[in-house]
Amino acid sequence: MFQSFDTKSSPQFAGERLSALRAQFDDLSIDGFLVPRADEYQGEYVPALAERLAWLTGFTGSAGIALVMRSQAIVFVDGRYTTQLQEQVDRSVVTGGDLVNEPPHRWLSRNGSKGFRLGIDPWLHTAAEVRRLQKALEEIGGSLVFLAANPLDAIWSDRPAEPMGAVMIQKQEHAGKLAAEKIAEVAAQVKEKGAAATVITDPSSVAWIFNIRGADVPHTPHPLARAIIPADGKPQLFLDERKTGIETRAYLAQLAEQLSPDAFLARLEDVARRGPVMLDADLAPLALSIAIEAVGGRVVEAGDPAKLPRACKNAIELQGSAKAHLQDGAAVVEFLYWLDQQPSGSVTEISSVHALENARVRVGERMQNPLKDISFDTISGAGEHAAIMHYRVTTESDRRLNEGELFLIDSGAQYINGTTDITRTVAIGEVPEDRKRFFTLVLKGMIAISTARFPKGTRGCDLDPLARIALWKAGGDFAHGTGHGVGSYLSVHEGPQRISRLSTQELLPGMMLSNEPGYYRPGHYGIRIENLIFVKDATEIEGGDMPMLSFETLTWCPIDRRLVVVDLLTAEERDWLNGYHVETREKLMPLIEDAAVRDWLVKATEPVS
């Protein structure tokens, strides 16, 4: 199976581990130390040896940072993880902080003691992040201390080994564009910025540029690798040869000089001596800037040159994604059929995850497009667990799906032709009317995004209120973004595109996003409905006088009609739901073999009126 259900969390050891970390403060001449969730590559998913935050505090969420001081330790998280943090840490030694409204730099400027010296590992923090910290510390007469080694690693005696996942070629039939073309386009951007070279620090960008995929971190098929791409000349790819077979090495030799990761700093210094080096201040570890400036080099700050091209999927990538979503929709339908057939009280959160993974494996084998991995740990939450936005079921927390409850399952898959992410909230038996009402309000928000038409230049923050307005009118909201970007057989969470209050990135044709409004009542229930969509040119609007953009839906799977309060829908919303279900039935029926599942799909997609 693809998902583990152990806790990976040891909060009972947090006290002694924090004490061991603090015991080094005097020798390091620091008053505090930052422990981010990030690794040296600044990725969302990190290998086991980089799970420093979880090892130290017990918190296993995908976003967070700990500020460890001599007498206090605070873990800052966003709204998705507030409840999870409280459940996972030893609250006698760790307290919670607000990563959005009062992140560490703001907390320090308001609460730090005069002259506070904050230690950081410069490989785990970006230049942009460090500037914010430095400014905050200056306000209290403090300073940053760049440590030569991470003091946490010195006390982590059983730290896991580096990952050695095999690297494979992402063939042209799925990539849609030759790696040589991508490299040339990156080099042109480097030349335009007046730099001698750029360092590609994001492993997803490395994978996309060179048309390779890997297996170094959970659920995201990129290798942990960096690249230096010059304005002129052959790129240097820092990728351990133990990860590449003969065919892959021969392929890469045509594109770049493949070098050991241990050679990276020396090669970076050589490049820096010859001219300016382009870095993304929001992605590159500060350690790179330190190394460049140490040899008299100069940093040119500019965005990752692969970020926008990678976000704007080409026609082949979009076609592959559409096929992957149809296959995935068939698998989720088989799972939902299975769920409906189980006796009351016989299904648990974990058995649901197993059943869904098995359905994806089964359909993948039947369609000769195997499931490579899940795209993230499945969120399988019943009743009050569904109210924890990023709940992760464990053997300790596993519970039954009981009659009269809502069950939320948020899952995704990695196929060679696409990455999926889908959430469905379903009724287990007859549920109270208040649940149905809020389900329908969430659905109204999802439909509003699905049907939006918007002019070029529209940003994610401009559309975000559309998903919330029905909830706002009812006195509700949700503490996460409406949508995140999605990669092409890469990370299920991809930037820079988002639909959220803070997203200022213009939405461009080809960008894939999730559309996932929700509502959560802590201790009672949670609701989320999620489809993936992509930006495209809109059909001409009669009477309009300017070109518009719109979204096209990628995800096809029934939305639980039993939870829809039809009277709360407008005629347009009702028509959209009925039309969506007609298309779902037409698209998925040819992919389903079992007659009983086909009958279930027909009933699940009947019109509401």
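A disulfide here is a pair of cysteine sulfur atoms within 2.5 Å. By this rule the count comes to 0. The model is predicted, so local features need pLDDT of at least 70 and side-chain atom pairs count only at pLDDT 80 or more, while totals for chains, interfaces and linings use all residues. Residues are numbered from 1 along each chain as its sequence is written, and side-chain values use heavy atoms, without hydrogens and water.

**Cysteines**
- The sulfur of Cys461 lies 17 Å from the closest cysteine sulfur, in Cys312, which is too far for a bond.
- Cys461 is buried, at 18% relative accessible area. Buried means under 20%, exposed over 50%, and partly exposed in between (1.4 Å probe, protein chains only).
- Cys557 is also buried. Its relative accessible area is 0%.

**Helix 1**
- Helices (H or I, at least four residues) and strands (E, at least two) are DSSP runs, numbered from the N terminus.
- Helix 1 covers residues 14–22, and Ala14, Arg17, Leu18, Leu21 and Arg22 are buried there.
- Down the helix axis, these buried residues fall within an arc of 135 degrees, so they line one face of helix 1. The arc is that of the directions from the helix axis to the C-beta atoms.
- The buried residues pack against several elements, among them helix 2 (25–28), strand 1 (32–36) and helix 7 (151–155). Contact means heavy atoms within 4.5 Å.

**Helix 13**
- In helix 13 (residues 286–294), the buried residues are Leu286, Ala287, Leu288, Ser289, Ala291 and Ile292.
- Their packing partners include helix 6 (127–139), helix 12 (264–274), strand 8 and strand 13.

**Cavities**
- A cavity is a set of points, on a 1 Å grid over the protein atoms alone, where a 1.4 Å probe fits but cannot get out; lining residues have an atom within 4 Å of a point.
- Grid points are joined across faces, edges and corners, and a volume is the space filled by probe spheres set on the points.
- The count is 3 cavities of 30 Å³ or more.
- The largest cavity has a volume of about 50 Å³.
- Strand 8 (197–200) and strand 13 (277–279) are the elements that give two or more residues to its lining. Strand 8 gives the largest share, 3 residues.
- The lining of the largest cavity includes Thr198, Met278, Asp280 and Pro305.
- That lining divides into 7 nonpolar, 3 polar and 2 charged residues. Ala, Val, Leu, Ile, Met, Phe, Trp, Tyr, Cys and Pro count as nonpolar, Asp, Glu, Lys and Arg as charged, and the others, Gly among them, as polar.

Notes: On a 1 Å grid over the protein atoms alone, a cavity is a set of points where a 1.4 Å probe fits but cannot get out, and a pocket is an open set with protein on both sides within 12 Å along at least five of seven lines; lining residues have an atom within 4 Å of a point.
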